[in-house]
Amino acid sequence: MTDGRDAQSTQRSARRRTDTPRWWRLATGIVLTALVAFACAATLVITIPLDPVFPYVVLAVFALLILGAVWLILAGVQLWRFRWDRRICLAPAIVALTATLVFFGVPSDLGWRLSVGELTAYAQTCTPSSDDQRIGLYATWRVEPLDTGCHFFLEGGLVNLVGVARLPDGTDKIGRPQRDGEIGYQHIESDWYRFMQIF
């Protein structure tokens, strides 16, 4: 009876000591990591605008959830069948870094820093436009001069209109708008504000 238990214990130990095959290392350490890195890079790009396009956010989250489920399965097999390989930790480390950057608003802050110069230059004349164009890193679909300043309508906002505005004299309409058609502003810096117009 003891010999049987010893044999089973030996088999389990041998199974734990099995070297990880090369194809498995490629699948978990390179292919899966590359897919996760691509999804995370897309997530960072999607969150550059102050108001990300909602369907893109949903697609990115969905892709990361699927890849997370795949990673859990592969990590479970790795623990059960092969020796532990630290390369399998690369994928969750990339996801954790991406989540941290998004949580602290690093992509949107960087997007603003890289775009505000071009936006300011355009706002000097504030030429009205209804064409899709890229100003800095922002995709704009309308530029509208008003008595109070210059409004840049950006993609995003789901059902509401969103964008950024240069208001040299400031505004007293700070906060979320309450009625359809109203615009509410949130200060960014200097004479720049982000706005939302609800419908």
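Guide: Gladly; a residue is called buried under 20% relative accessible area, exposed over 50%, and partly exposed in between (1.4 Å probe, protein chains only). This is a predicted model, in which local features need pLDDT of at least 70 and side-chain atom pairs count only at pLDDT 80 or more, while totals for chains, interfaces and linings use all residues. Residues are numbered from 1 along each chain as its sequence is written, and side-chain values use heavy atoms, with hydrogens and water left out.

Visitor: Why is Arg-142 called partly exposed?

Guide: Its relative accessibility is 23%, which falls between the limits of 20% and 50%, so the label is partly exposed. Glu-144, at 25%, is partly exposed too.

Visitor: How many salt bridges does the structure hold?

Guide: Five. One of them joins the side chains of Asp-51 and Arg-194, at 3.1 Å from N to O.

Visitor: What does the pair of Asp-51 and Arg-194 tie together?

Guide: Asp-51 sits in the loop between α2 (22-46) and α3 (54-81), and Arg-194 in strand β6 (residues 192-197), so parts 143 residues apart in sequence are tied together. Helices (H or I, at least four residues) and strands (E, at least two) are DSSP runs, numbered from the N terminus.

Visitor: How do you know that Asp-109 and Arg-113 form a salt bridge?

Guide: The N to O distance between their side chains is 3.7 Å, and that is within 4 Å. These residues are four apart in helix α5 (residues 106-125), which separates them by about one helical turn. Asp-109 is partly exposed at 40% relative accessibility, and Arg-113 is partly exposed at 47%. A network of salt bridges links Asp-109, Arg-113 and Glu-189.

Visitor: Which residues touch the most other members of the largest nonpolar core?

Guide: They are Trp-112, Leu-119, Phe-152, Val-164 and Trp-192, in a core of 14 residues. Such a core is a set of buried Ala, Val, Leu, Ile, Met, Phe, Trp, Tyr and Cys residues joined through side-chain atoms within 4.5 Å. At least two residues each come from α5, β2 (138-146) and β3 (149-154), and α5 gives the largest share, four residues. Apart from this core lies another one, of 11 residues, among them Cys-40, Leu-67, Ile-88 and Ala-91. In soluble globular proteins, nonpolar side chains tend to be buried together.

Visitor: Is Pro-168 buried or exposed?

Guide: Exposed: its relative accessibility is 57%, and the label needs over 50%. Pro-168 lies in the loop between β4 and β5. Not counting residues up to four places away in sequence, Pro-168 touches Thr-148, Gly-149 and Asp-191.

Visitor: What makes β4 and β6 paired strands?

Guide: Two strands pair if DSSP finds at least two bridges between them. Strand β4 (residues 161-166) and β6 have six bridges, in the antiparallel sense, so they qualify. For example, Leu-161 has Gln-197 as its bridge partner in β6. The open sheet has six strands in the order β1-β2-β3-β4-β6-β5, with antiparallel pairing.

Visitor: Why are β1 and β5 called edge strands?

Guide: Strands β1 (133-135) and β5 (183-189) each pair on one side only.

Visitor: How do you know that Thr-98 is buried?

Guide: Thr-98 has 6% relative accessibility, and that is under 20%. The place of Thr-98 is in helix α4 (residues 90-103), and its contacts beyond four places in sequence are Cys-40, Thr-43 and Leu-44.

How values were computed
Contact means heavy atoms within 4.5 Å.
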